[in-house]
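Hello,

Please find the structure below. My notes on the contacts follow it.

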Amino acid sequence: MAWLGEAVIICPVALLCALGIPSLLSRRLAETTINRFLQSAMVIGLAASTLMLCMMLPMTNPHVAVELGNWVSIPGYEFHLKLIFDRLSVPFVMLSYILCGTIFAFASRYMHREPGYNRFFTLNAVFLLGMVTTSLAGTIETLFAGWELVGLSSALLVAFFHERPAPVRNGLRVWCVYRVSDAALLIAALTLHHFGHSDFEKVLGIESWPGGRATVSEYEALVVGLLLLLAAAGKSALIPFSGWLPRAMEGPTPSSAVFYGALSVHLGAFLLLRVSPMLEKSLTLRIIIVCLGLLTAIYAAIVGRAQTDIKSAICFASLTQVAIIVAEIGFGLRFLPLVHILGNGCLRTLQFVRAPTLLQDYRQLENAIGDRLPRLSGFWDSILPYGVRVWLYRFAIERGYLDVVIDNYIVDPFVAVFRWCDGMERRWTDYLSGGRSRESDQVTGSHGSLEEFL
Amino acid sequence: MKDFHLPWLELAILFCLVGGAWVGRLRNPHVARRWALLFSGLALVATTGAWLDFDYLDAQQADDTFHLLSHLAGRELLVMDELSAPLLPLAALLFFLVPLATLQTKVRRFSFAWNLVSEALILALFSCQEQWGIIVFLAVGTIPPYLELRERGKPTHVYIIHMALFILLLVVGWTFAEIEGGSGRVHSLWVIIPLLGAILVRSGIAPFHCWMTDLFEHASFGTALLFVMPISGAYAAVRLVLPIAPDWVLSSIGLASLFTAVYASGMALVQTEARRFFCYLFLSHSALVLVGLEVGPVNPLALTGALCVWLSVGMALGGFGLTLRALEARRGRLSLTHFHGLYEHTPELAICFLLTGLASVGFPGTVGFVGTELLIDGAVEAYPYIGVAVVIAGALNGVALIKTYFILFTGTRYTSAVSLRIRTRERFAVLLLASLILIGGIYPQPGVHSRNEAAKALLKTREALAPSPTFPSPHHVEEHHTPEHGG
């Protein structure tokens with residue numbers, strides 16, 4: 001079975017090499033060649049993961065660990081690569097292959113003759129590799145490696161249409177949140193090391209998911225769990241990081257579908273599911289997870305109703321479900337959230353890829369019924385006072401003021417402090433030089449400012 | 001100590017010195033560049049030969065055969081050990097790639113002769129284990145950038161003040177050390193404080209870092225890059241301070257370096273000009289190397305990680321600097337307050353920018369990943385707060401990097417009357433560095449093993465001060481560490 005497991009991870013690696021190396025060598029691949037590479041990688045990867053599933057079905061304890069050997073080994077430190085195939089990782093990997101394959105097929109026409117066709121699929125190959133690595137990771141470091149690949153590809157794809165400033169700014173915003181998430185995950189990994197663990201099998205037990213029993217204490221579970229929750233909140237756009245999700249819609253629709261409708265946005269929930277035996281150790285942690293999930297669900301449901309474009313509306317609908325999934329995990333459910341992820345992922349992907357033809361769909365519906373589509377007044381309209389509804393509308397249209405709060409209370413003070421330090425350094429070097437010391441002051445931009453960019 | 005099969009180290013330095021003298025006589029800069037490339041290429045071959053020979057000999061230390069210089073000096077001046085083995089070819093590679101990737105627009109501003117002289121000094125420094133030799137090479141090495149600043153009519157006060165302070169402290173510190181009996185014992189504050197100060201100044205540890213930003217402001221980018229990139233301050237720390245410093249000194253350097261790593265990463269985020277951004281990015285990374293070196297005696301893994309990061313930073317930020325320099329050659333000094341839209345002109349440089357930058361922040365699959373992991377892992381084992389601070393610095397550096405990438409390569413496409421595409425020589429440099437970064441990232445074991453051996457050798461130099469923490473034996477690892485560090 002090991003070779004099957006290896007095939008599952010080798011496919012995205014080979015795809016990335018096939019698309020990335022020619023870019024590095026300035027060799028432009030034809031669209032048909034790229035499509036052939038994509039099809040081959042998807043078919044082989046999906047077939048390997050399906051075969052893996054078939055071979056695991058008869059097992060009473062479906063848990064297969066594929067050892068890929070030591071990547072680094074020195075006295076006192078070993079970095080061995082291990083893939084875990086179990087009830088959690090196999091469905092997630094298969095979902096990744098199916099949705100990425102579908103979206104690749106869709107995008108091969110959607111992006112036809114688009115400048116950056118190769119770049120789009122290279123970044124998607126990075127994303128697929130990140131997803132597969134994260135899903136199958138047997139250790140927290142391997143998971144971290146995949147996690148970072150997903151983050152980088154997301155940010156660069158949001159900024160795909162890079163001649164316009166808005167996608168680029170939003171890509172940077174996504175990247176900043178992801179870095180916070182990455183840092184939280186890395187600190188969680190370090191904390192686990194500090195407590196003496198890091199291999200999932202050692203921390204969560206070798207029983208097949210979700211039957212493992214965590215070997216950490218309640219305090220350790222709370223500390224590490226909170227850090228992992230922070231990482232998951234960043235990746236899954238839970239409060240207070242929800243502001244990046246609608247911004248991420250600046251990317252091409254196919255990548256929005258697979259990233260923010262289906263896979264990437266569920267990665268936080270996947271992480272919590274992966275460490276779920278640890279969550280059971282701490283009631284406080286579970287309460288916090290439930291609260292965060294419910295709060296985000298309410299927030300996303302309110303905000304989603306006031307969005308003025310279809311992609312943002314879908315992404316908040318998706319976020320509502322993701323938040324409910326997180327709450328379900330906090331409640332101690334395991335298979336329901338997994339099924340919920342699979343269902344929500346498939347539905348949102350479909351909705352996203354249909355989004356560009358929404359008006360056409362509406363017109364067809366209206367032609368079919370021979371009238372305008374009815375505007376339904378909601379339940380809340382009848383019971384909420386006008387003032388509250390206006391306030392809620394403002395709250396929703398400003399997306400809960402989350403970005404404003406982060407800008408005003410984190411980004412601006414941070415920039416102000418370091419700008420002040422920069423000014424002091426200037427005074428110091430001017431003093432030592434006996435005059436103006438900075439040539440770079442004469443290097444001026446033609447327009448815009450850093451504040452605007454940040 | 002074993003002998004090399006050829007006098008590699010002497011040859012490498014000789015090539016540079018002869019090359020420097022010869023190229024200095026040439027008036028035509030294009031001819032000068034060709035000769036400079038030949039001599040620095042020969043030096044690269046010699047240092048690579050020395051490294052391979054050292055690996056083949058499987059020795060802890062090796063020196064040149066025939067002992068020509070030893071006969072003249074009366075002692076072994078040039079020696080290669082585990083620490084310096086990869087540093088020499090890395091330095092030679094950087095000194096080869098910078099003139100190679102110098103475009104015609106910059107060829108008159110870059111001094112190829114002084115570049116070769118500087119290379120000779122750096123190679124001599126990394127081959128030298130004699131304390132006074134190290135001090136002399138470090139001191140003389142500060143002269144070429146000063147001469148360039150003067151020649152270009154740029155302000156030199158900041159540079160002179162800091163470098164004079166550095167040399168003075170170094171000389172005073174080691175003079176007192178000699179008076180007190182040399183290395184191998186704990187010394188008084190008369191020795192420790194000046195040496196500590198010298199290391200802080202040379203490494204650009206805050207608040208002594210302003211000379212570095214000033215150098216990047218006024219010197220040519222190539223000169224500034226080559227002066228700072230080998231991280232000579234870390235070498236001085238390893239050879240001069242590590243063997244004699246009590247733990248509190250190492251902790252002090254470690255804390256100051258940690259602060260610098262975070263501070264410089266924050267400063268990189270608010271810079272409005274590309275050179276200053278690069279300088280702070282480099283400062284943050286070089287400070288991380290020092291953090292690991294100082295935590296090393298408490299946890300050897302951190303020392304191994306620091307030595308790995310030293311190499312990866314040299315490669316990654318070296319390539320990153322070359323990319324920025326190539327962009328500067330096309331657009332002049334680069335403001336970071338507006339978009340430049342250069343992607344469509346030079347997609348290869350964009351890829352290289354991302355690849356080298358991400359490698360510097362320890363992105364998975366690149367040469368920096370395992371080193372950063374080791375450094376953070378070891379630091380956390382020793383002092384948890386250090387690990388957290390290092391992670392924060394890495395996160396900020398990552399944000400600064402992508403922000404700069406977006407500013408330089410995205411935005412409305414820049415319209416140019418001339419082609420800005422990558423040139424063949426630049427492409428060679430870019431592909432070579434990209435290959436090294438990716439190969440080192442995908443197959444890190446040889447590099448990490450070599451750095452681990454170097455770390456062991458360095459810790460032995462502190463055995464006279466206190467029992468150093470031993471590396472766990474394989475049996476010990478199996479029993480205690482594999483579960484914890486299995487990654």
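Two residues are taken to be in contact if their C-beta atoms, placed from the backbone, lie within 7 Å. This is a predicted model, in which local features need pLDDT of at least 70 and side-chain atom pairs count only at pLDDT 80 or more, while totals for chains, interfaces and linings use all residues. Residues are numbered from 1 along each chain as its sequence is written, and chains are lettered from A and ligands numbered from 1 in the order in which they are written.

Between the chains, the contact takes 65 residues from chain A and 70 residues from chain B. On the chain A side, α6(A) gives the largest share, 15 residues. (Helices are DSSP runs of H or I with at least four residues, strands are E runs of at least two, and both are numbered from the N terminus.) That side of chain A has 27 nonpolar, 25 polar and 13 charged residues. Here Ala, Val, Leu, Ile, Met, Phe, Trp, Tyr, Cys and Pro count as nonpolar, Asp, Glu, Lys and Arg as charged, and the others, Gly among them, as polar.

Chain A is divided into domain 1 (2–358) and domain 2 (398–438), with bounds from an automatic or database domain assignment. The C-alpha centres of the two domains lie 35 Å apart. Their contact takes 6 residues from domain 1 of chain A and 5 residues from domain 2 of chain A. The domain 1 side of this contact has 4 nonpolar, 2 polar and no charged residues.

Regards
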